[in-house]
Amino acid sequence: MDLFEPGRQALSALVHPVRIIASTPATLTARLDENLASRRALIAENQRLKDRQQMFEARLQRFDSLEVENIRLRRLLDSSYEIERPVLIAELIRIDLDPFSHLIEIGKGSRHGVYIGQPVIDERGILGQVDQVGPLSSTIRLISDPSHATPVQVNRNGLRGIAVGTGAIDQLTIQSLPGNADIQVGDLIVASGLGGRFPSGYPVGKVQRISHEAGQPFLTIELTPLAALDRVRQVLLIGDESDE
Amino acid sequence: MSETTHRGGWVIIMTILLSLILTIMPLPEVISQWRPEWTALVLIYWALALPDRVGVGIAWCVGILQDVLQVTVLGAHGLAFALIVYLTVQLYQRLRLVPIWQQMITVFILLLINRMLLLWIRGVMGDGDVGWQFWAPAVTSTLIWPLVFLTLRAVRRRFRVQ
């Protein structure tokens, strides 16, 4: 695969205009929607965003002191604390890729410092990771892709597992927890940080259904991803702290 | 052969580019699985009309471009398109003579071969299972073939592509 990588990257840059042209109608209609939005709707949205902003800031006040406390406690335990990582914002290029895998294309590439395996989130949770990089654009494999697995843990008690994509855009599954595992419907599932790819603590999904078939050693756990996998428009790429 | 001069190459390039754009143009999810294989259809048409100009080599290159655009395995579409264009070039003398509805049968078979190759490559690469929807584009592409054929023929005559 690596042998062809430079060629693929060059071709990717070469066909970039095709991507731009193909995405134009969808981008234009979206922009038109924004332009034609009524004044009242805009004011309402503005108000809503302000409210949310205020709420978040109130929560952040507590977060700052908690973070300091956490660092202090971890120092007592001699374990490291992950420092905040730099974040890069990228717009989605609105084109359809292979309909049988869960991939999306974004408008930032290796020129902007995107690298393969980089974790990608939206404002609610983990979206996926960078799968292929071109100079001007890159491809993200979503966590719902059947070939994608995310190391996770239950936020409530730290129980670890692996969330695998099912091929349905709104469902993940954890298959390797024994029948007596302490997990409940509604539990928040976050990235465990094992595997070193996704930073720990970012939300992945909520447990939606747990079933245990008699005779099966493991539970079947269905998660609903928190990130808006199918309607995301902007993504955040989490940078490597060693980069900066 | 020595008498005819090649002309209108840019028309061929434009139609192929347009088909690539249509291939990745966003569609609602319900329809997108039924999206016709525009590139395959356009390549089949040009191989049928001008087999001495559009052959296996161009099909391969266009397939590679589509692989890069759709993020499929590099060479998957290249191989599939090269094969169906090779078959078209072999068959063009017969295909040109028959009425359109009989062409549709051949085109349907070509597109099935195309899909089957893609399915095999997916299988070899260990990509996930696909349902019956994988074959849907072959059906819609065949149904839309008369339209593509007549449009491209009009374009070819209008711009005197030789």
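Mentor: Of the 244 residues in chain A, 29% are buried. This is a predicted model, so every value here is computed from predicted coordinates. The secondary structure of chain A consists of 3 helices and 12 strands. Its C-alpha trace spans about 55 × 45 × 40 Å along the principal axes. Among contacts in chain A with a separation of 6 or more, 58% are between residues 24 or more positions apart.

Chain B has 7 helices and 0 strands, and its pattern along the sequence is α-α-α-α-α-α-α. The radius of gyration of chain B is 15 Å, close to the 15 Å that the globule rule gives for 162 residues, so chain B is as compact as a globular protein of that length. Its C-alpha atoms fill a box of roughly 50 × 30 × 30 Å along the principal axes. Buried residues account for 36% of the 162 residues in chain B. Of the contacts in chain B between residues at least 6 apart in sequence, 69% join residues at least 24 apart.

Now the interface. Chain A contributes 24 residues to the contact and chain B contributes 21 residues. On the side of chain A that touches chain B, the elements giving two or more residues are α1 (5-14) and α2 of chain A. The element that gives the most to this side is α2(A), with 5 residues. By class, the residues on this side of chain A divide into 13 nonpolar, 6 polar and 5 charged.

One helix pair can be followed across the boundary. Helix α2 (residues 16-36) of chain A and helix α1 (residues 9-24) of chain B have axes that come within 9 Å and cross at roughly 60°. With that angle, α2(A) and α1(B) are therefore oblique to each other. The crossing of α2(A) past α1(B) is right-handed. From α2(A), the residues in this contact are Val18(A), Arg19(A), Ile21(A) and Ala22(A), and they meet Leu17(B), Leu20(B), Ile21(B) and Ile24(B) of α1(B). By class, the contact of α2(A) with α1(B) has 7 nonpolar, no polar and 1 charged residues.

Phe134(B) sits in the loop between α6 (100-125) and α7 (136-158) of chain B. Phe134(B) and Met14(B) are 120 residues apart in sequence, and their C-alpha atoms are 28 Å apart in space.

Helix α3 (residues 38-49) of chain B packs with α7(B) at an angle of about 50°, and the axes are 10 Å apart. That angle makes α3(B) oblique to α7(B). The crossing of α3(B) past α7(B) is right-handed. On the α3(B) side the contact is made by Ala40(B), Leu41(B), Val42(B), Tyr45(B) and Ala49(B), and on the α7(B) side by Ser141(B), Trp145(B), Val148(B), Phe149(B), Leu152(B) and Arg156(B). By class, the contact of α3(B) with α7(B) has 9 nonpolar, 1 polar and 1 charged residues.

Two backbone details in chain B remain. Val71(B) is not a glycine, yet it has a positive phi of about 55°. Val71(B) is in the loop between α4 (56-70) and α5 (76-97) of chain B. Because Val71(B) has 22 C-beta neighbours inside 10 Å, it counts as buried. Arg160(B), also a residue other than glycine, has a positive phi near 50°. Arg160(B) lies in the segment after α7 of chain B. With 9 C-beta neighbours inside 10 Å, Arg160(B) counts as exposed.

Conventions: Residues are numbered from 1 along each chain as its sequence is written. Chains are lettered from A and ligands numbered from 1 in the order in which they are written. This is a predicted model: local features need pLDDT of at least 70, side-chain atom pairs count only at pLDDT 80 or more; totals for chains, interfaces and linings use all residues. Helices (H or I, at least four residues) and strands (E, at least two) are DSSP runs, numbered from the N terminus. Axes are lines fitted to C-alpha atoms, for helices over the stretch in contact, and angles run from 0 to 180 degrees between N-to-C directions. Angles under 35 degrees count as roughly parallel, over 145 as roughly antiparallel, 65 to 115 as roughly perpendicular and the rest as oblique. A crossing is left-handed if the near helix is turned anticlockwise from the far one by less than a right angle, and right-handed if clockwise. Two residues are in contact if their C-beta atoms, placed from the backbone, lie within 7 Å. Ala, Val, Leu, Ile, Met, Phe, Trp, Tyr, Cys and Pro count as nonpolar, Asp, Glu, Lys and Arg as charged, and the others, Gly among them, as polar. The radius of gyration is taken over C-alpha atoms; the globule rule is 2.2 Å times the number of residues to the power 0.38. A residue is buried if 20 or more other C-beta atoms lie within 10 Å of its own, exposed if 12 or fewer, and partly exposed in between; C-beta atoms are placed from the backbone.
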